[in-house]
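Please read the following report alongside the sequence and the model.

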Amino acid sequence: MKLKLKIWRQKNTQDKGNFKAYDVDDISPDMSFLEMIDVLNEQLETKGEEPVHFDHDCREGICGMCSMHINGRPHGPQQGVTTCQLHMRSFSDGDTITIEPWRAQGFPVLRDLMVDRSAFDRIIQAGGYVSVNTGGTPDANEIPIPKSIADEAFNAATCIGCGACVAACKNASASLFVSAKISQLALLPQGQVERKERAEKMIAQMDAEGFGACTNTGACSAECPKGISLSNIARMNREFLTAKASSDNA
Amino acid sequence: MLDSKVPEGPLSEKWTRHKFNVKLVNPANKRKYDVIVVGTGLAGASASATLAELGYNVKAFCFQDSPRRAHSIAAQGGINAAKNYQNDGDSIYRLFYDTIKGGDYRSREANVHRLAEVSVNIIDQCVAQGVPFAREYGGLLANRSFGGAQVSRTFYARGQTGQQLLLGAYSALSRQVANGKVQMFPRTEMLDLVTVNGEAKGIVTRNLVTGKIESHSAHAVVLATGGYGNVFFLSTNAMGSNVTAAWRAHKKGAFFANPSFTQIHPTCIPVSGDHQSKLTLMSESLRNDGRVWVPKAKDEKRKPEDIPEDERDYYLERKYPAFGNLVPRDVASRNAKYVCDEGRGVGATKLAVYLDFADAIRRDGRDTIEAKYGNLFDMYRQITGENPYETPMKIFPAVHYTMGGLWVDYNLQTTVPGLYATGESNFSDHGANRLGASALMQGLADGYFVLPYTIGDYLAGSSYEKISTDHEAFKEAENNAKAHLDRLLNINGTKTVDHYHRELGKIMWDYCGMSRTEEGLKKAKNMVKELRDEFWTNVKVIGTADELNLSLEKANRVSDFLELGELMIDDALMRNESCGGHFREEYQTPEGEALRDDENFAFVGAWEYQGPNNPEKLNKEELKFENVKLTQRSYK
Ligand SMILES: Cc1cc2nc3c(=O)[nH]c(=O)nc-3n(C[C@H](O)[C@H](O)[C@H](O)COP(=O)(O)OP(=O)(O)OC[C@H]3O[C@@H](n4cnc5c(N)ncnc54)[C@H](O)[C@@H]3O)c2cc1C
Ligand code: SF4
Ligand code: FES
């Protein structure tokens, strides 16, 4: 396959950045999207030019590191997969492909296609945990959990923290990401003690990081590679309202 | 002879006694000690969180943009624990025994027993954190049997156990970041260990965003930096997994143990072409229902569906009637290699064998197979574009895990006082072959339950005073790190870093992979040396050292792999026996199975750095087996 690529190049956060065009040929349909960029980068480096910088690590769709906006969609045209799981057979010979970083105030660009997602870590630090120390915990089977609840909590827990939901949202809202963690812990008995405080603190941190408000367009869930459900956002809103209604600091 | 500091007493009481005997740091004094933890995978995140909970000041480092993305996230199958929830006869002793035997009698009894002991606490801890393990309809935890174990002791969270365990440890870590007890440094890479009077006192790092070289001083340093499987270029490890931290510590005095012990996993998706950047594991559970075969004839051109039954060779079932398709990983891998060497491999590259579900689908129905393996079949289809419900999967072995690593004593301390190694970065518990679902267990055992005790013993004996980062040892390490990067940038040759990495990987795979010979290893040693020389005169690294620079990061890591590769070869050459994943063709039984030499090789080979271009010195830790009887493995 021969392809034309339009890739966002930006030296660092301060730089303005712009698109640059590249041609690649000899692309096999069996290559992954990132391997296609690897080919481009080897070409560039051999010519002494700066390679395209992008985040990636596991290349199996689980670490949440890869983050490319491809032809206007986070993680590209296929539903339910991350950029690293996308294969070139999803494209046709002669295609032009436009590649950009996530665009959101909460995710400043570091270089080319790499962004800073540390805001997500700070949101988790605000309350995305159960406060137990190591040791002294009860036997695991002393806390029976109905399978349906455990499965639902698991579904919420599969979020990989990639940020595609933010990139897909016209308001750059982080609601899907935040609600996935709040839901997981709100569903499980272990999360009950800190339930109200957690919702309040995590949502406050989300707002402080400059993410936009949720207007229920559903673009986040449609583009989420892990299919995190919109019902999590509804649950988060309920958690927040109950917390507010009974909170000491209301 | 190396002293492993294994405590006295009967096997099952050693750890309890040791916990009583180690020195304690008074709770009020813990805050006077700083500990550096490099790595935030299962081993590092659990250690950082626990040390901070105890009151120590922790500085944690990782090269990814968030601690949640460490390679541990990718583990699929599960985590072992001797809970015996299934009432099927499991016990701490049985888990201990299986691990020692599975490791082909090349691990330390006392460590393995401790691992089995604390395995039960890990599950309690994770559940308390809210890790959503699989459950039965009654609400209790579900288990499965894994990797040929005869009991169901593996806990799992669908095919994403590593992810859920890591997110649990990451949440505990995040809580301590919020408490101000852990200072987290993401996108920061350790470049050197700093020692003062022979003791570990800090590290030198590079901020991967700004390129800034910095020093961090502490009272002790813990490495939890993962395995080095990427020395083979292609492996199931994440792209960034590397040996740099461990290797630089090795050059500062930490012995490197059993470097050639590598695990090659039999069920991975085969290489599809030269562009391949990494390999994807398909869970080993597939071998419970899939049948492995190749055509009887060489150069078979027909589609697998068109090859009649009597022209197929189900070689594992033929050679190992008792275990069939469920032989251990090393045996399954080696046999796949043999049939491909005979020219009977399948697919475009002829480096693959079939894993066929047709019989299972006929027997149990498609729905049953889909319920068991649906997500794996989807993943396979996504990557290869083929539908495994209709045509057999193609699989081939791939590098997966490294049993070797920094040598540690019973306290997980390396040969450098104050430097500890945990998780896959140490050599400790898996001998010459690791059992499935035991790496997650070891990482969390080390981090939650072992290191937090044993490090206190060292800290209790050291002064509160912290060495200033202005100390000449820090300055010297900083200068060396900078000089190394500058040297890489100034070569300005003609070939990319990936070119050299790929070449190195090919040499290691061909000569120091699934099966090894003296002749091949000697040849490979020269090839690696030549490649290293060429790298240092002809590699092309773009950009500068004071910016975000992925080529430079890669070049720096590959420069260490080029040195490690040679040590792996030396180790494989030294070990004139076959054991576990280390198969020397000269040492096999008449039936072609690994032939151990317990008389001469029941030891850990721990290598000591002797300066650039000097051969490393071999030190031995004798392995004494007081509780198990050594037997030859047989799967016939
Ligand atoms: C595909 C796959 C599936 C697996 N499945 C299973 C399974 O089902 N069960 C099982 O028990 N095991 C499994 N394993 C093995 C297991 O996942 C690993 O052995 C284990 O997770 C390693 O954990 P760790 O904490 O030691 O290291 P890692 O998780 O590799 O973490 C290493 C950490 O060190 C950091 N680091 C490395 N170098 C530096 C440096 N120089 N400076 C700063 N930071 C650095 C990294 O950023 C990272 O945070 C699997 C492995 C693979 C590849
Ligand atoms: S909710 Fe989905 S899109 Fe958002 S971070 Fe999680 S996995 Fe990514
Ligand atoms: S690289 Fe890990 S999810 Fe894509």
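The sections below take up the basis of the model, the contact between the chains, and the domains within each chain.

## Basis of the model

This is a predicted model, in which local features need pLDDT of at least 70 and side-chain atom pairs count only at pLDDT 80 or more, while totals for chains, interfaces and linings use all residues. Residues are numbered from 1 along each chain as its sequence is written, chains are lettered from A and ligands numbered from 1 in the order in which they are written, and side-chain values use heavy atoms, with hydrogens and water left out.

## Chain B against chain A

In this interface 76 residues of chain B are in contact with 72 residues of chain A, contact meaning heavy atoms within 4.5 Å. The two chains bury about 6100 Å² between them, with 51% given by carbon and sulfur atoms; buried area is the accessible area (1.4 Å probe) that two parts lose on being put together, summed over both.

Across the interface of chain B and chain A there are 7 salt bridges, a salt bridge being a side-chain nitrogen of Lys or Arg within 4 Å of a carboxyl oxygen of Asp or Glu. Asp139(A) and Lys83(B) form a salt bridge, with 3.0 Å from N to O.

Chain A is divided into domain 1 (3-110) and domain 2 (117-249), with bounds that come from an automatic or database domain assignment. The contact takes 21 residues from domain 1 of chain A and 20 residues from domain 2 of chain A. Between them these domains bury about 1500 Å², 56% of it on carbon and sulfur atoms.

The interface of domain 1 of chain A and domain 2 of chain A has 2 salt bridges and 6 residue pairs in polar contact, both residues at pLDDT 80 or more. Arg117(A) forms a salt bridge with Asp55(A), in which the closest N and O atoms are 3.7 Å apart.

## The two domains of chain B

Chain B is divided into domain 1 (265-399) and domain 2 (477-596), and 30 Å separate the centres of these two domains, taken over C-alpha atoms. Here 12 residues of domain 1 of chain B are in contact with 9 residues of domain 2 of chain B, and the two domains bury about 830 Å² between them, 59% of it on carbon and sulfur atoms. In domain 1 of chain B, Arg334(B), Lys337(B) and Tyr338(B) lose the most area to domain 2 of chain B, together 49% of what that side buries.

Between domain 1 of chain B and domain 2 of chain B the count is 0 salt bridges and 1 residue pair in polar contact, both residues at pLDDT 80 or more. The largest share of the side of domain 1 of chain B that touches domain 2 of chain B, 6 residues, comes from H9(B).

Note on methods:
Polar contact = N/O pair within 3.5 Å; in protein donor to acceptor, adjacent residues only side chain to side chain. Helix = DSSP H or I, 4+ residues; strand = E, 2+ residues; numbered from the N terminus.
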